[in-house]
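This briefing goes through one structure by topic. Have the sequence and the 3D view open while reading.

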Amino acid sequence: MLRLPRFQLHTPATVADAALLLREHRAAEQDAAKTGTPGITVMLVAGGTDLYPNMKRRQFTPATLIALGKAVPRGISNGKGLTIGAGATLTAVATDARVRKGYRALAESALSISTPQLRNMGTLGGNLCLDTRCNWYDQSLFWRMAEGMCMKTDPTVVCRVAPSSPRCLAVASADTVPALLALGASVRVVNAEGERTIALADLYREDGISHLTIGRDDIVTEVLLPAFEGWRSTYLKLRDRGSFDFPILGLAAAVRMENGVVREARVAMTAVASRPMLVLDAASAIIGTRLEDDAIAAAAAAAHKLARPMDNTSGTLAQRKRSVPVYATRALASLRDS
Amino acid sequence: MTDGPQLSILGRRLPKTNAWAHLTGQAKYADDIILPRMLYGRLLRSTEAHARITKLDVSRALAHPGVVAIVTGRDMPEKMGIMPSTQDETALAVDKVRYVGEAVAAVAALDEDTAFEALGLIDVEYEPLDPILSIEEALERDDVKIHEDSRRANVFKEVHLSFGDLEAGFAKAEHTRDDWFFFEGNTHAPIESHSCVANGEANGNVTLWTCTQVPHYLHRELEKVLGIPRSRIRVVATPNGGAFGGKSDPFAHEFAACLLALRTKRPVKFTLDREEVFYAHRGRHPVKMHLRTGVMKDGEITAVHFQSWLDGGAYASYGIATTYYTGALLTVTYRVPAYKFDGVRVYTNKPPCGPKRGHGTTQPRFAFEAQLDKIANDLGLDPLAYRKRILQPAHSRTINDLRITTMGLGECLDRAGERTGFSAKHGKLPDGKGIGIAGSAYISGAGLPIYWNEMPHSGATVKIDRGGGVTVYCGTAEIGQGSDNMLASVTAETLGVLPDDVHVVSGDTSLAPVDLGSYSSRVTFMAGNAVKDAAMKLRDQLATVAAEKLNVPRDRIVCALRQVYDKDDPTTALSFTDVAVLAEARYGTLSAAGWYKPPPGIGGTFKGAGVGPTPAYSYQAAVAEVTVDRATGRLTVDRIVTAHDCGRALNPANVEGQIEGAAYMGYGEAIGEEQVFRGGLHKKPSLLDYKIPTSLDTPVLEAIIVETIDAEGPYGAKEAGEGPLNPVIPAIANAVFDAIGVRFDETPITPEKILDALAKKKVRVGPTGLETGRDPKAALRRLSASTDARERKRDA
């Protein structure tokens, strides 16, 4: 079988310790880069369900891993809204009664991830920071050597998906992100200097390599959800099989209705670009409507316009693009007053 | 039936005798074997699809601490291959590589990490050659030869067979259909990856434990390649964690393990990782097919002309048999008075294709049953009633001289149709819902062995000990299909004990008589007959001494459930153990050998007649019910009902397991599995990307057992392992047509293809012919475009 590369594992007991350790190892990494050996030498690991297989395939081989299992909170607590520790397992998120009742899209998205075994290990924070995916990248070292590598693992090489692309086109593939975007989530980020809160939408950028806007010294510790009275939400996922598979389209919708009229709305997508995205025009198309067919059709058209899938996942580009308005329509229609 | 109607063991739903070991993790798979001083092996694989090896230097790797030995192709240059007439492989590549993933060198080290590191220290350089990646390129490009001795371009084998008056048949036809089909390649995906341990013994002998389906054939190839007599080699087939045809060739890691073990005098283990299993492959051939069928107005077939082009990958494997199989069995289901078959198998620079469950018959069966559905539609006939009207009769000979004995296809069609209400639903369901039916047949073991000889196909020895225990020795390989349980059950039935009283020693070339192996669905029929033959000889001895002791005529003696008794007065009885003691006192040690060889006259005598005959054909029919979501293209198969004529179900639970497993596998091939390549590189060599269905995707599967009690089968049994896969795929394609009016003349039927067809208002998805005459280098140029861009970027 494929074997993990050798690495040193640290298991700090607090977020502060983890942040200090990370800063220390990052400094060493930067020093090494100055003396001519660039590369990622330290990474964070939570559940490890994505990181370890990637390490077995040598997509990265950090000499040091800082495990967040003991450091990062994993509880789910009520306040004005809901605060979920980044270390909460996907199973915990999917089965929490408060999440299922008030934040349905999140529960549905968490439940749609991979398999029960991996949901028991994988965490919400890990899913938010999931590496982008591409079928030229998520391959073994042997395969990529035979192919000749790609931009994401070798900066001297072109993007295999579109050789003229100036940037990596790997795909955002985290199911919980569009759900959390539709639910208006923000995240708490900690580093050795302190902590800050940023809107989840600002965590991502359209780049398959540097897909996160936060620094590599940063640790996502909590997900903050606003109060959700009067909202309804749902998440729909396109994939080949009923289990295991990453999304090849993930679409979440949330609406707040008053007397059958939409007062607030958010629609978000993933797996159709390098970043997950809010579809603002879809939201504005339905605000003030009763989710009539033509309003939903306008929202679906807005989502369709924004989706830019490439030929680098399962399925085909045309299939994924065509599925966007269908999924948008079905998601919004399911939120109507029954 | 001479065995009489009363059976004590067979026909009952007893648990497999090895079930507990498998369920509790005690079963020892090859990778579970750990021996003292064992080394770990790993193969260096080619990163090129087609290239000359210009340099192969292992000195740096050998110097790496922890590396114990390395072998390369030059250490084992002897040609080998499963079929003696087409041996075109070497254990490890010699001078040239022919697909990405081909083994080039093998390292044995103290641990796996060291072996992996050592691969990176082997200096190998390639001079790339143009890769041949499609059937059409292979047919056209004479300037590139994957194998130097191919006479025409890259054609591996070309066969032409003709029976009856084809011209007259088509002239007489009132309706003729010409259709092109394409069946995409796919692979077995056994859950256990290939694994072996070889032990180099002090006296120069070697023992190989390996998850193989064919210990005897492997034994022969090891002798040839290693250059030591078979008497010094022992092959033990470990329980296979799934095989499906993918473990029935001799493999690089098996030779490498043996040679490294012999050189180091230590045990050496190889366990392939999942990606390597995709390169080992030997799976379903991609096949293009042209099928021309003439019929009368009532549907009666007047002539069939079938042409197939098989994409064989880089080596022969079973390819010559596969090629013949695409044409051989089309005649055994429905009456075909005139038949012509042309088959061509080509080499391409991809992992070699070989036998997968249904070997070579799955693709043409898809084409034929899909075309029959079109004919029924053209003529306004009910597809079920139509098939029933044109059945090949039982106890007949086909136009290509195959002997048919029992034939239960009509009952299979009826039973599957009744269970699903087929005729009431077909053509009448709402849009997006569909139902389809198809029939099929398969062999109960190939009529000829792979190498020409006049010896038995299967041998077995049975011995009875003084304590009432029984031991069976037979060379069969337990691949999860239940062959050990079959041996125990047939022996127990014949001698009158319980299956748990029977100890089975199988798959061991030193301990057990030869059985040709677990392929072509031959084991129940052939090994079953062999072990029954052996057990009957002992039963005669037991009955003789029991009759004397009980003072009962011998023909009234019954042996059942550990008792030997008078059938007219069951209280006049002796225990099995007491009778065994009496018999041993009379005859000496109780041991007998039995064997089986197919009878003469089951096939023709023309060249190519060796593929197709079998002592008995199994028959099966499947009905699939589907739902198609027109907006997303999602195809949901709601239910598959398969009725299967297995002669007699020796263990109905196990037979149903085989029927359901085959339906599951066929379903996967129909809706998504594909072994596809991009520029010589496998596109999806992982179980995340190669989409075998999960339990959540799998439809409701129902199995119906149809029994025809075959006079030559052991207690009437025929095969059940492979045939039930075949009808599932065309049944699904036919159901999709019923649902949305689109013919899928190719596999797999994916959501993206359905969406595309609906968007473009296509009524058919499939090939329109061979795509010859196109610029054969176009694909290569596409391939090199990205490489050029990369080079430019590097230069910049």
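**Nonpolar cores**

- The largest nonpolar core has 238 residues, and B:A256, B:I732 and B:V736 touch the most other members. A nonpolar core is a set of buried Ala, Val, Leu, Ile, Met, Phe, Trp, Tyr and Cys residues joined through C-beta atoms within 7 Å.
- A residue is buried if 20 or more other C-beta atoms lie within 10 Å of its own, exposed if 12 or fewer, and partly exposed in between, with C-beta atoms placed from the backbone.
- Helix α15(B) gives this core its largest share, 13 residues. Helices (H or I, at least four residues) and strands (E, at least two) are DSSP runs, numbered from the N terminus.
- A second, separate core holds 106 residues, among them A:A185, A:A273, A:A285 and A:A331.
- In soluble globular proteins, nonpolar side chains tend to be buried together.
- Apart from neighbours within four places in sequence, B:A256 is in contact with B:G41, B:L43, B:V71, B:A91, B:L92, B:A106 and B:F270. Contact means that the C-beta atoms of two residues, placed from the backbone, lie within 7 Å.

**Source and numbering**

- This is a predicted model, in which local features need pLDDT of at least 70, side-chain atom pairs count only at pLDDT 80 or more, and totals for chains, interfaces and linings use all residues.
- Residues are numbered from 1 along each chain as its sequence is written, while chains are lettered from A and ligands numbered from 1 in the order in which they are written.

**Helix α16 of chain B**

- Helix α16(B) covers residues 576–587. Its buried residues are B:F576, B:V579, B:A580 and B:A583.
- Seen down the axis of α16(B), these buried residues fall within an arc of 105° (taken from the directions from the helix axis to the C-beta atoms), so they line one face of the helix.
- Their cover includes β19, α15, β23, β24 and β25 of chain B.
- Just after the helix, B:G588 has a positive phi of about 85°.

**Where the chains meet**

- On chain B, 33 residues are in contact with 29 residues of chain A.
- Of the side of chain B that touches chain A, α20(B) supplies the largest share, seven residues.

**Chain A overall**

- Chain A has 12 helices and 12 strands.
- Its C-alpha trace spans about 65 × 45 × 35 Å along the principal axes.
- Of the 338 residues in chain A, 51% are buried.

Conventions
Expected span 1.5 Å × (residues − 1).
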